[in-house]
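Thank you all for coming; I would like to walk through one structure this morning, going from a single residue out to the domains and back again. Please have the sequence and the model open while I talk.

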Amino acid sequence: MIRIVNIVGARPNFMKIAPIHRRMLKRSEFSAKLIHTGQHYDEKMSKTFFEELGMPEPDIYLGIGSGSHAVQTAGVMIELEKILSKEKPDLVLVVGDVNSTLAAAIVASKLHVKVGHVEAGLRSFDRSMPEEINRILTDSISEMLFVTEQSGLDNLANEGKDDNQVFFVGNVMIDSLVEHLEKAQDSTILQDLGLQPRNYVAMTLHRPSNVDHKESLGRILQVIHKIQQELAVVLPIHPRTRKMIEHFGFQDDVAQMKGLHLLDPMGYLDFLRLMSQSRVVLTDSGGIQEETTYLGIPCITLRENTERPVTITLGTNQLVGTQPEQLIKAFDAALHGQPKDHQVPPLWDGKASERIIDILQSQL
Ligand code: UD1
């Protein structure tokens with residue numbers, strides 16, 4: 001029996017672990033436990049995703065909650081060490097690049113438990129992003145590295161990782177998308193908001209570099225102000241961004257934008273429906289750059305760099321930064337210009353989680 005502990009903490013982890021954990025539970029060779037650190041804890045940031053993705057309740061919930069980077073990372077480490085010292089699994093599987101990912105990898109590694117990292121090798125080469133630090137450190141102590149795109153293979157090779165530890169498996173987040181796309185068509189989100197397909201912009205915004213400073217958040221709100229005069233903008237808002245809008249006193253500016261639908265965080269199926277029917281997506285998220293590439297929806301990314309370059313070279317993504325003129329220009333081009341040629345990257349086929357499990361079975 002291969003004993004695995006799967007770790008989740010924050011919203012983007014859930015759609016990555018769900019297809020892996022559910023498949024492991026069905027395979028008699030595996031005994032899989034799910035630990036939720038509680039980095040994200042609001043119902044709309046966590047529980048809804050478990051339900052919609054068909055994931056069982058976590059076996060263990062650490063309840064760490066919010067805090068500074070050190071508080072959050074250390075909190076996960078202290079609690080998880082107690083559990084892993086007893087469990088001593090054959091491998092701890094972590095996904096993505098959030099604080100819970102790194103915390104779990106450090107704890108497991110120091111207890112001499114193997115670490116597998118799903119979505120390994122991605123690099124933005126921007127160490128001011130907390131996620132970049134999490135990615136570099138997690139990869140450096142992981143024994144098994146599961147990679148989504150060619151750049152990940154190149155980066156790990158450049159960092160001297162042994163080829164035998166690196167596995168090009170595709171994208172588990174796309175597994176969840178493929179599996180739920182049909183079901184998402186039953187969502188009534190468009191009717192509820194009075195929107196027509198291809199006649200609105202879907203937007204997300206939560207990067208600290210964009211929302212934690214008055215000037216950058218103000219600049220982005222100016223852009224939204226312009227865009228919503230031409231096309232409705234739907235923005236399910238991350239708790240961090242909502243807090244910052246209030247903190248900087250932008251509530252009135254936002255309330256005046258009649259074409260802006262400022263909503264609570266959305267569940268997985270509603271957001272998938274919203275994204276798949278949109279004219280264009282504006283985002284600073286990592287995962288959404290990949291999901292729009294799969295869906296063939298133009299994506300304008302409000303960042304200066306991406307750790308997911310295949311979404312640009314093969315996909316529908318373009319990096320535009322956050323200067324208003326550039327953003328408006330890119331928006332106009334997406335609306336009125338020629339669509340960009342695009343294709344789905346290799347192995348983004350809905351079968352990445354099966355590949356990972358087969359590899360774990362043969363190696364452990
Ligand atoms: C985290 C990840 C980020 C990921 C994002 C997706 C790190 C370093 N960052 O950022 O990579 O893209 O999740 O959402 O791990 N909050 C709530 N309810 C919740 C969770 C958070 O109100 O359920 C609020 C709290 O005020 C908290 C703030 O959001 O302080 C930020 O949460 P945190 O987990 O620290 O980082 P995210 O910005 O969510």
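Let me begin with a definition: a residue is called buried when its relative accessible area is under 20%, exposed when it is over 50%, and partly exposed in between, with a 1.4 Å probe and protein chains only. What you see is a predicted model, in which local features need pLDDT of at least 70 and side-chain atom pairs count only at pLDDT 80 or more, while totals for chains, interfaces and linings use all residues. Residues are numbered from 1 along each chain as its sequence is written, and side-chain values use heavy atoms, with hydrogens and water left out.

With that in hand, is Arg 123 buried or exposed? Its relative accessibility is 3%, and therefore Arg 123 counts as buried. Arg 123 lies in the loop between strand S5, residues 114-120, and helix H5, residues 130-140; helices here are DSSP runs of H or I with at least four residues, strands are runs of E with at least two, and both are numbered from the N terminus. The side chain of Arg 123 makes a polar contact with the side chain of Glu 159 at 2.7 Å, where a polar contact is a pair of N or O atoms within 3.5 Å; within protein, one must be able to donate a hydrogen and the other to accept it, and residues adjacent in sequence count only if both atoms are side-chain atoms. If we set aside residues up to four places away in sequence, Arg 123 also touches several others, among them Glu 132, Arg 135, Thr 306 and Glu 307, contact meaning heavy atoms within 4.5 Å.

Two of those neighbours deserve a further word. The side chains of Glu 307 and Arg 135 meet in a salt bridge, 3.6 Å from N to O, a salt bridge being a side-chain nitrogen of Lys or Arg within 4 Å of a carboxyl oxygen of Asp or Glu. This pair links distant parts of the chain, since Glu 307 sits in the loop between S12 and H15 and Arg 135 in helix H5, 172 residues apart. Both Glu 307 and Arg 135 are buried.

Let us now step back to the domains. The assignment, which is automatic or taken from a database, gives domain 1 as 2-170 + 348-363 and domain 2 as 181-336. The contact between them takes 22 residues from domain 1 and 20 residues from domain 2, and the centres of the two domains, taken over C-alpha atoms, are separated by 27 Å. How much area is buried between domain 1 and domain 2? It is about 1800 Å², with carbon and sulfur atoms giving 58%, and buried area here is the accessible area (1.4 Å probe) that two parts lose on being put together, summed over both.

Across this interface the rule finds four salt bridges. The elements that give two or more residues to the side of domain 1 that touches domain 2 are helix H1 (11-26), helix H2 (47-52) and H5. Between the two domains there are also seven residue pairs in polar contact, both residues being at pLDDT 80 or more.

For the structure as a whole, the search finds 23 salt bridges. One of them joins Glu 119 and Arg 308, whose closest N and O atoms are 3.0 Å apart. Another pairs Asp 349 with Arg 355, at 2.4 Å between the closest N and O atoms. Salt bridges that share partners also form one network, whose members include Lys 16, Glu 119, Arg 135, Glu 290, Glu 307 and Arg 308.

Glu 290 is one of the buried residues, as are Gly 287 and Ile 288. What covers them includes helix H7 (172-184), helix H13 (268-276) and strand S11 (280-283). Just after H14, Gly 296 takes a positive phi of about 75°.

I will finish with Leu 34, which is placed in strand S2, residues 30-36. Leu 34 is buried, with a relative accessible area of 0%. Leaving aside neighbours within four places in sequence, Leu 34 is in contact with residues including Val 8, Ile 17, Phe 50 and Met 55.
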